[in-house]
Amino acid sequence: MAALADACPETRVEPRHMSTADQTAALRTGELDIGLLRERPPGGDLDAIRVMEERLGVLLAAERAAELSGPEGVRLDSLAGLHWVGFPRSGSPAWYDEVTAVLRGHGIDIEASAVGGQTLLAEVKLAAVSDGTAFALAPPHWFHPLPESVVWQPLAGSPLVRRTWAVWQARSHRQDLGHFVVALGNDTGG
């Protein structure tokens, strides 16, 4: 943001929190100039650059983590029998399908995670995990400080990698968006 402000001081930024699906729709209608999405949209009308990759780990109740953790972290198949505290498919269908395919491939039964289009708040996710019957997926520095009853552990073998894409209309020739995309690539090594 600082690089954009220096290069294009006349550009006004209005951050919004939106699901990947909502951002994709807003990008296509021109309501949104650039988005940070969990999946790269198909088609030639939008352009994208990967700006981040995060190897996901798992949030578990401290006692459960002590039982399941090995030298390389928690094996995904050891989470079978626990409830996945996830996110609704409607928010990011391709990412949801990728996550659930990996979880199912490791013997985890997928139930309806988040209801409808509801987003789970961090505090609700942590409360759900703290009783030892559930787990949530998260990057290493997802929420700090974690309550004492919850710990983050890496997933052995890094079976889930979450990508973030900067996405904009392919026909755009705006210099401010170009500066922002270049700055994102420089900040993230993308």
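Predicted model: local features only at pLDDT ≥ 70, side-chain atom pairs only at ≥ 80, totals over all residues.

Q: OK, let's start with the three-strand sheet. In what order do the strands come?

A: The order is β1-β9-β2, in an open sheet with antiparallel pairing. β1 and β2 are the edge strands, each pairing on one side only. Neighbouring strands there are turned by 20° against each other on average, ignoring direction.

Q: Which helix packs on that sheet?

A: Helix α2, residues 20–29, which touches β1, β2 and β9. The direction of α2 makes about 155° with that of β1.

Q: How many bridges join β1 to β9?

A: There are 4, with β1 covering residues 34–37 and running antiparallel to β9. If you want pairs to click on, Ile 34 has Trp 168 as its bridge partner, and Gly 35 stands opposite Val 167.

Q: And how many join β2 to β9?

A: For β2, residues 46–55, it's 9 bridges, again antiparallel.

Q: How many residues of β9 are buried?

A: 8 of the 9 in that strand, residues 161–169, so β9 is largely enclosed by the rest of the structure.

Q: Switching to the four-strand sheet. What's the order there, and what kind of pairing?

A: That one goes β6-β7-β3-β8, an open sheet with mixed pairing. β6 (83–84) and β8 (150–154) are at the edges with a single partner strand each, so one side of each has no neighbour in the sheet.

Q: How many bridges do β6 and β7 pair over?

A: They pair over 2 bridges, in the parallel sense, with β7 spanning residues 134–138. Trp 84 has Phe 135 in β7 as its bridge partner. Helix α5, residues 122–130, packs on this sheet and touches β3 (57–61), β7 and β8. Its direction is at about 140° to that of β7.

Q: Nice. Which residues touch the most other members in the largest nonpolar core?

A: Leu 60, Leu 79, Trp 84, Leu 103, Phe 135, Leu 137 and Leu 160, out of 20 residues in that core. β3, α4 and β7 each supply at least two residues, and α4 gives the most, with 5.

Q: What does Leu 79 touch?

A: Leaving out residues up to four places away in sequence, the contacts of Leu 79 are Val 58, Leu 60, Leu 68, Val 74, Ile 108, Phe 135 and Leu 155. There's also a second, separate core of 10 residues, which includes Leu 4, Cys 8, Val 51 and Leu 184.

Q: Last one: is Asp 6 buried or exposed?

A: Exposed, because its relative accessibility is 67%, and the cut-off for exposed is over 50%. Asp 6 belongs to helix α1, residues 2–7.

Q: How far apart are Asp 6 and His 179?

A: In sequence they're 173 residues apart, while in space the C-alpha to C-alpha distance is 9.8 Å.

Terms used:
Residues numbered from 1 in each chain as written. Heavy atoms only, no water. Pairing = 2+ DSSP bridges. Contact = heavy atoms within 4.5 Å. Axes fitted to C-alpha atoms, helices over the stretch in contact; angles between N-to-C directions. Buried < 20%, exposed > 50% of the residue type's maximum accessible area, 1.4 Å probe, protein only. Core = buried A, V, L, I, M, F, W, Y, C linked by side-chain atoms within 4.5 Å.
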